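Dear colleague,

I am handing over a structure to you with this email, and below it you will find my notes on what was found. Please keep the model open while you read.

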Amino acid sequence: MFKSLYRMHSNPERVLPEAVLTGKGALVLLIIFLSEQLVASGISVLISLFQLPLGLMEINMIVNGGALLAMIFFFHGFFIQNIKSFFKEFKSIYLWLPIVSYICSFMANMVVQMILMLVRGELQNTSNNELVMELLYQYPLQLVLLTVIIAPITEEAVFRAALSRSMTASHKAWVRPIGFVLSIFLFSFFHVYQYVFFATDASGAVYLTFNMNEFLSILVYIPMAVGLTLCSYFGRNYWCSVICHMITNSVAVFMLLMVGQQAVK
């Protein structure tokens, strides 16, 4: 049953075949991810209705931790096969590609920020980064665990393994660009959608809206999404893009800490 969720994809230039999700496997993974989002929303509603003693960090740890356990249960074979390939056929590309991908995406992000600065007269900050900074000082260890370990593993499984790699590994040329576009757009949109479509009034009630400024912040995530997608494609191993994602989030957390310290001074 579990083995039907992935297949071994052969590449002429590789010693070992690559473990790639099947269409069924990608669908199961996406269902887990969507269920995670629904559960998070449901818990938030219950907290507001019954005044439950749970904070945002607790919700994120419960929901993301549960999603990770579900992914491990269904896809342990996929993860193990990629780990075996990673170490058995270890290549220098597994080290330099994540670093190069991060540097290129970081520089591209700076270009995007400069363009937005010229157009809008200010840098494009994101509500997601503001929330991370707020939680970082309240729950530093939990946030590092969530952003540097759990999020890269789960998000790369969804946006690269399920959406990108399963399609770019296809022998049909027209399928590959669809995988790139879906991975890049949905990854970027995932980080902003809750701020684009939902808002909270003074009483704490949540209502539907459309915030154009928040929607523009999707541009900040596109360079990172492109870098991770290309890292996944050229690395030909799930853990290659996970490492790149871990590097990206580690540097981001470190920079937020530095900004916070400067603000205190």
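Helix axes here are lines fitted to C-alpha atoms over the stretch in contact, and the angles between them run from 0 to 180 degrees between N-to-C directions. Please bear in mind that this is a predicted model.

With that in hand, the axes of helix α2 (residues 56-88) and α5 come within 10 Å and cross at roughly 45°. Angles from 65 to 115 degrees count as roughly perpendicular and those under 35 as roughly parallel, and α2 and α5 are therefore oblique to each other. The crossing in which α2 passes α5 is left-handed, and the residues of this contact divide into 13 nonpolar, four polar and no charged.

Helix α5 also meets helix α9 (residues 218-235), where the two axes come within 10 Å and cross at roughly 55°, so that this pair, too, is oblique. Here, however, α5 passes α9 in a right-handed crossing. On the α5 side the contact includes Glu 156, Arg 160 and Arg 165, while Leu 228 and Tyr 233 are among the residues from α9; by class, it has three nonpolar, four polar and three charged residues.

Finally, there is the nonpolar core. The largest one has 46 residues, of which Leu 21, Leu 29, Phe 75, Phe 78 and Tyr 238 touch the most other members, and helix α5 (residues 140-168) gives the most to this core, with ten residues. Leaving aside residues up to four places away in sequence, Leu 29 touches Leu 21, Met 71, Phe 75, Ala 157, Val 158 and Ala 162.

Best wishes

Terms used:
Residues numbered from 1 in each chain as written. Predicted model: local features only at pLDDT ≥ 70, side-chain atom pairs only at ≥ 80, totals over all residues. Heavy atoms only, no water. Core = buried A, V, L, I, M, F, W, Y, C linked by side-chain atoms within 4.5 Å. Buried < 20%, exposed > 50% of the residue type's maximum accessible area, 1.4 Å probe, protein only. Helix = DSSP H or I, 4+ residues; strand = E, 2+ residues; numbered from the N terminus. Contact = heavy atoms within 4.5 Å. Parallel < 35°, antiparallel > 145°, perpendicular 65-115°, else oblique. Left-handed = near helix turned anticlockwise from the far one by under 90°. Nonpolar A, V, L, I, M, F, W, Y, C, P; charged D, E, K, R; others polar.
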